[in-house]
Amino acid sequence: MTKNQRFQKIYTNNFKVTRHVLKKFPLSDKDIEDLQHDVFMNFFRHMDQIPENHEKAFLIVAARNAGIDFIRKKNRQKTDLDTFEVHEPTGTMWESDPEREIQLQVVGHLLDELAKEPGGESFCLYYREGLTLKEIAERLQEPQGTIAARVARMREKFRQRLQRKLEPHV
């Protein structure tokens with residue numbers, strides 16, 4: 001049996017199985033069809049490495065993984081950080097907590113210190129003023145990737161310093 005004949009036989013025997021697996025995900029019929037094609041093309045590329053009688057298992061796992069990946073990608077695209085809202089707590093839980101007051105003062109002083117360091121301006125614009133990385137990049141006229149790297153570096157510095165400063169108070 002040639003490779004194409006083997007593939008045709010496996011495709012015919014397992015088409016409904018892969019469709020059944022993909023139907024378990026919240027996908028449109030068009031997305032299911034596209035993912036099925038992707039699964040079978042992937043199978044065709046690796047067909048020589050898949051032992052006989054293991055084709056169905058490969059296709060089931062490949063279809064499941066394709067569905068999971070598609071949903072994750074779709075969810076990442078839905079997440080828009082510009083419209084992300086943070087809701088402030090409504091209670092008065094921390095008003096009379098002296099330890100909390102000390103912690104807030106330490107955080108404020110630490111932010112002031114970090115603002116003076118290289119990259120600190122980006123960090124404070126991001127966390128104090130709530131600007132997006134894109135807005136900071138435009139304001140400072142620098143690439144967004146540079147701003148993201150600075151914020152990440154400063155976040156780590158902030159975490160380490162805050163941990164050292166709060167240890168005596170916690």
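The structure is a predicted model, in which local features need pLDDT of at least 70 and side-chain atom pairs count only at pLDDT 80 or more, while totals for chains, interfaces and linings use all residues. Residues are numbered from 1 along each chain as its sequence is written, and side-chain values use heavy atoms, with hydrogens and water left out.

The protein contains seven helices and zero strands; helices (H or I, at least four residues) and strands (E, at least two) are DSSP runs, numbered from the N terminus. Along the sequence, the pattern reads α-α-α-α-α-α-α. Of the 170 residues, 27% count as buried. Buried means under 20% relative accessible area and exposed means over 50%, with partly exposed in between (1.4 Å probe, protein chains only). A contact is defined as heavy atoms within 4.5 Å. Among the contacts with a separation of 6 or more, 60% are accounted for by residues 24 or more positions apart.

Salt bridges were considered next. Side chains of opposite charge can pair when their charged atoms come close. A salt bridge is here a side-chain nitrogen of Lys or Arg within 4 Å of a carboxyl oxygen of Asp or Glu, and by this rule the count comes to nine. One of them joins Asp-34 to Lys-30, with the closest N and O atoms 3.0 Å apart. Both residues belong to helix H2 (residues 29–46), and because Asp-34 and Lys-30 are four residues apart there, about one helical turn separates them. Asp-34 is partly exposed, at a relative accessible area of 33%, whereas Lys-30 counts as exposed at 56%.

A further salt bridge is formed by Arg-161 and Glu-117, whose closest N and O atoms are 2.5 Å apart. This pair links distant parts of the chain, 44 residues apart: Arg-161 is in helix H7 (residues 144–166), and Glu-117 is in the loop between helix H4 (98–115) and helix H5 (120–127). Arg-161 is partly exposed, with 21% relative accessibility. Elsewhere, salt bridges that share partners join Arg-19, Lys-23 and Asp-29 into one network. Within this group, the side chains of Asp-29 and Lys-23 meet at 3.6 Å, N to O. Asp-29 is partly exposed at 49% relative accessibility, and Lys-23 is also partly exposed, at 48%.

The packing of H5 against helix H6 was then examined. Two packed helices are described by the angle between their axes and the distance between the axes. Axes are lines fitted to C-alpha atoms, for helices over the stretch in contact, and angles run from 0 to 180 degrees between N-to-C directions. H5 and H6 (residues 133–140) pack at an angle of about 135°, and their axes are 10 Å apart. H5 is therefore oblique to H6, since angles under 35 degrees count as roughly parallel, over 145 as roughly antiparallel, 65 to 115 as roughly perpendicular and the rest as oblique. The crossing of H5 past H6 is right-handed; a crossing is left-handed if the near helix is turned anticlockwise from the far one by less than a right angle, and right-handed if clockwise.

On the H5 side, the contact involves Glu-121, Ser-122, Leu-125 and Tyr-126, which meet Leu-133, Ile-136, Arg-139 and Leu-140 of H6. The residues of this contact divide into five nonpolar, one polar and two charged. Ala, Val, Leu, Ile, Met, Phe, Trp, Tyr, Cys and Pro count as nonpolar, Asp, Glu, Lys and Arg as charged, and the others, Gly among them, as polar.

Several single residues complete the description. Glu-55 is found in helix H3 (residues 55–78) and is buried, with a relative accessible area of 10%. Leaving aside residues up to four places away in sequence, Glu-55 touches Arg-6, Ile-10, Phe-43 and Ile-50. Ala-152 lies in helix H7 and is partly exposed at 36% relative accessibility. Ala-152 and Phe-123 are 29 residues apart in sequence, and their C-alpha atoms are 8.2 Å apart in space.

Positive phi values occur in Asn-53, near 75°, and in Gln-141, near 55°. Asn-53 is in the loop between H2 and H3 and counts as exposed at 74% relative accessibility. Gln-141 is in the loop between H6 and H7 and counts as exposed at 73%.
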